[in-house]
Amino acid sequence: MSKSIKISGKILSRYNEIVSDEALKFIQEIHEKFNHKRLELLSERKKRQNDIDNGGKLDFLEETKKIRNDNWKIKNIPKDLLKRQVEITGPPVPKKMFISALNSGADCYMTDFEDSLTPTFDNLIQGQLNLKDAINKKIDFTDPKSGKEYKLNEKTAVLIIRPRGLHLDEKNLEINGERASGTFFDLALSLFHNAKKLLENGSGPYFYLPKLEHYLECRLLNDVISFCEKKLGLEIGTVKVTVLIETINAVFQMDEFLWELKDHIVGLNAGRWDYLFSYQKVYRNTQKVILPDRSKVNMFVPFMSNYNKLLVDTCHRRGAFGMGGMSAQVIAKANPKEVNEKALAGVKKDKERELNQGNDGAWVAHPSLVEPVKNIFEKNFDGPNQLKKFNNEKIKRRDLLDEPKIENAITELGVRENLNEGIEYMAFWTIGTGCCVVNYLMADAATCEVSRAQLWIWLKYKVKLDDGRVVDEKLIDELIADELNKIKKRFAAWKERTGDKSLDRVSFENAAKTFKNMITKENFDDFLTLPLYEKI
């Protein structure tokens, strides 16, 4: 290994297969060529936020008007990506969950190194090993408790990998004294070990790119991908990406995103939870955006619906997919019957909206939803996708920014739900579990961010609940104490019932303190994962 490369993560059995000298040299070349530009673009994000804090407006860019007005198309869509009606998402670990997602019957599986994975070194490398083993058809698992065997079906979901966002570092790998980029680390290892085998298998190296805010960030990633293709002897355009439109900045640059990545891109995705978070984060220092309880801000609310319609029409005009958002509901036998019935009804209503708005497919968080969602799309699609369908609505700037009215729309229940998710999610994240079920919904970093942003903003502007009480620190302390007590009782009962001791190392008290600090501190953390990452 080069002296300029330093790995601080513990190297366990088989880890050298992933962080081999050749693979690390590949990451080093990417780092030395592109990391300075990444840091520069992250600095530009802060400047744009400062401009908005001082009254600047988000709008469609004058400088790129020609790109929006000209007629052009993306390069091509591979055969095995033409049908993406149902995509399941989840982390690459544990192995049992990974195999189950591939066998779920979904068209695609977005295996996620970002929002649903705590990026411990072990999680990242075990995830890369699972990817490599699955692509080489060598993965299996036997549950030590039940004895149940997990093996790949003959037909599995098409793999799409989501690396971490540009803002996240990989602290366990230093190159020339600098931390490596989480994006470059995840992307490079996935390509280095798997690209050629995927092509042999009749598929290809496919990725989801998260958290992008500006078309110049797309240009950077296009350059990185092209560089990787050349180094690995792949034809330019072999790697295919779908970009998540999950920041309020990005919705005004969707044509530009497609243009910058046109050799590699196959679509955009409506990442609804991060989008809702970004909407509040960007306007947090003004009183323009104070949203109601999160349960009331769904995709039927005009500004959210308009965002999806614009995404679909922009993509279809360019020959690209307009992918719908996440259904976070979890249908389980252990759930009360009425909970499952309500969840299925909500999913049906939401997916029928996506069907009617022209989405080419959508996400689910749990295998239980694959079949219900597939039934909605397969029965109503004329072909594998809806690339020829348009909403034909002229969506203007104001249509994307008109937030719902908030009169009597913030409730104690809404505050409690946000606190509950924040405490539970952070408790699990810090022990290495990046997604968990909270209130019968799959929670990940994106959903927790919505809770955090809402509470921070409600406290900052001392909003009133529907009963007239002010949301202040005293009220938050009372509700945290009550919610914490409920959480601890519930998990104590679970342990007594099941004998499961795996939760003994979960500290809900510490999570509550951390979350309270995040929502009451003067300066808002850009992402909750940034300070949390330093603690793992």
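The model is predicted. It holds 2 cavities of 30 Å³ or more. The second largest pocket has a volume of about 1,100 Å³. Among the residues described below, H31, R318, A427 and Q386 count as buried.

**Largest cavity**

- Helix 13 (412–429) and helix 14 (445–460) each supply at least two lining residues. Helix 14 gives the most, with 3 residues.
- By class, this lining has 9 nonpolar, 6 charged and 2 polar residues.

**Second largest cavity**

- The second largest cavity has a volume of about 50 Å³.
- Its lining is made by K211, E213, E246, T247, D274, F277, S278, K281 and F527.
- These residues divide into 5 charged, 2 polar and 2 nonpolar.

**Second largest pocket**

- The second largest pocket, of about 1,100 Å³, is lined by 31 residues. Closest to its centre are W273, S295, Q329, K342 and L441.
- Five elements each supply at least two lining residues: helix 9 (272–282), strand 13 (326–327), helix 11 (337–356), helix 13 and strand 16 (441–443).
- Helix 11 gives the most to this lining, with 7 residues.
- The lining divides into 16 nonpolar, 8 polar and 7 charged residues.
- Helix 13 supplies at least two residues to the lining of the largest cavity, and at least two to the lining of the second largest pocket.

**Strands 10 and 11**

- Strand 11 spans residues 265–270. Of its 6 residues, 6 are buried, so the strand is largely enclosed by the rest of the structure.
- Strand 10 (residues 240–245) pairs with strand 11 in the parallel sense, over 5 bridges.
- L244 stands opposite N269 in strand 11.

**H31 in helix 2**

- H31 sits in helix 2 (residues 21–53). Its relative accessibility is 3%; because that is under 20%, H31 counts as buried.
- The side chains of H31 and E178 are joined by a polar contact of 2.9 Å.
- Leaving out residues up to four places away in sequence, H31 touches I175, E178, R179, A180 and F184.

**R318 in a loop**

- R318 lies in the loop between helix 10 (302–317) and strand 12 (321–323). With a relative accessible area of 0%, R318 is buried.
- A polar atom of the R318 side chain lies 3.2 Å from the backbone oxygen of I67.
- The R318 side chain also reaches the backbone oxygen of W72, at 3.5 Å.
- Not counting residues up to four places away in sequence, R318 touches I67, R68, D70, N71, W72, K73, I74, D255 and L258.

**A427 in helix 13**

- A427 is placed in helix 13. This residue counts as buried, at 0% relative accessibility.
- With residues up to four places away in sequence set aside, A427 touches V506, S507, F508 and A511.
- W363 is 64 residues from A427 along the chain, and their C-alpha atoms are separated by 25 Å.

**Q386 between helices 12 and 13**

- Q386 is found in the loop between helix 12 (370–380) and helix 13. A relative accessibility of 9% makes Q386 buried, because the cut-off is under 20%.
- The side chain of Q386 reaches the backbone oxygen of N359 at 2.8 Å.
- Q386 touches H316, E354, L355, G358, N359, D360 and F381, again without residues up to four places away in sequence.
- G361 is 25 residues from Q386 in sequence, and the two are 8.7 Å apart in space, C-alpha to C-alpha.

Methods:
Residues are numbered from 1 along each chain as its sequence is written. This is a predicted model: local features need pLDDT of at least 70, side-chain atom pairs count only at pLDDT 80 or more; totals for chains, interfaces and linings use all residues. Side-chain values use heavy atoms; hydrogens and water are left out. On a 1 Å grid over the protein atoms alone, a cavity is a set of points where a 1.4 Å probe fits but cannot get out, and a pocket is an open set with protein on both sides within 12 Å along at least five of seven lines; lining residues have an atom within 4 Å of a point. Grid points are joined across faces, edges and corners, and a volume is the space filled by probe spheres set on the points. Helices (H or I, at least four residues) and strands (E, at least two) are DSSP runs, numbered from the N terminus. Ala, Val, Leu, Ile, Met, Phe, Trp, Tyr, Cys and Pro count as nonpolar, Asp, Glu, Lys and Arg as charged, and the others, Gly among them, as polar. Buried means under 20% relative accessible area, exposed over 50%, partly exposed in between (1.4 Å probe, protein chains only). A polar contact is a pair of N or O atoms within 3.5 Å; within protein, one must be able to donate a hydrogen and the other to accept it, and residues adjacent in sequence count only if both atoms are side-chain atoms. Contact means heavy atoms within 4.5 Å. Two strands pair if DSSP finds at least two bridges between them.
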